[in-house]
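Hi everyone, thanks for making time this morning.

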Amino acid sequence: MFSKKKFEEAAKKSELSERVVRDFMNQVYSSHRFVIIEQQKQIAYARNGHHIPDIYCSNGNWIEVKEDISSSKTKNLAFEVSCIRKLMLFADKFEQPIPYLAYVNHHNFKIQFFKVEELLCSLDNLVENGLAKKVIGGDNELELYIVSIENTEKYLEYKFIQKGMVDRFAKVARKLLAGK
């Protein structure tokens, strides 16, 4: 289980990427307001075994931001099974829309949005077709899907923002997140 100290350390490291995603989304969708959920609120939910997504949108959508720094070397993304399941449980328990997962990689700094409810099935299909691996690993020795960035871009459907915006985001993210 994630200790309070580990959670706070991870939350601190993720603040910049969450702000970059929030600010970008506020520019792209000026008719909606995107806000980052306060760290104390996230900690309170975590203490009760819940995972509240990082960003709330005024239209009712939620976004969980993930950043993969090691992807600059591996050219892979790691999807945590427990995170995906906890996001589904959050939506179910609190009668909220299914969150999106916004993944920022450090290979090309593009952002990809995935609808969480479709993600596990899509990842299982990639494993069955030899395009991804399911392993135990990462910082917390959890069940992960490892997928090349190329395969996520080819086989996992973009959601939430248009593909043209992905390149625009990459230019901004590279300046702000490179060297992190």
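I'll walk you through some of the salt bridges here. One thing to keep in mind is that this is a predicted model.

How many salt bridges does a search of the whole structure find? The answer is five, and I've picked out some of them to show you. As a reminder, side chains of opposite charge can pair when their charged atoms come close.

Let's begin inside a helix. E150 pairs with K154, and their closest N and O atoms are 3.0 Å apart. Both residues belong to helix α6, which covers residues 149-155. They are four residues apart, which is about one turn of the helix. As for K154, its relative accessible area is 54%, so this residue is exposed.

Next, please find D167 and K110. Their side chains form a salt bridge, with 3.5 Å from N to O.

My last pair is K66 and E64, whose side chains meet in a salt bridge at 3.7 Å, N to O. Is E64 buried or exposed? Its relative accessibility is 3%, so E64 counts as buried.

That's my tour, and I'm happy to take questions.

How values were computed. Residues numbered from 1 in each chain as written. Predicted model: local features only at pLDDT ≥ 70, side-chain atom pairs only at ≥ 80, totals over all residues. Heavy atoms only, no water. Salt bridge = Lys/Arg side-chain N within 4 Å of Asp/Glu carboxyl O. Buried < 20%, exposed > 50% of the residue type's maximum accessible area, 1.4 Å probe, protein only. Helix = DSSP H or I, 4+ residues; strand = E, 2+ residues; numbered from the N terminus.
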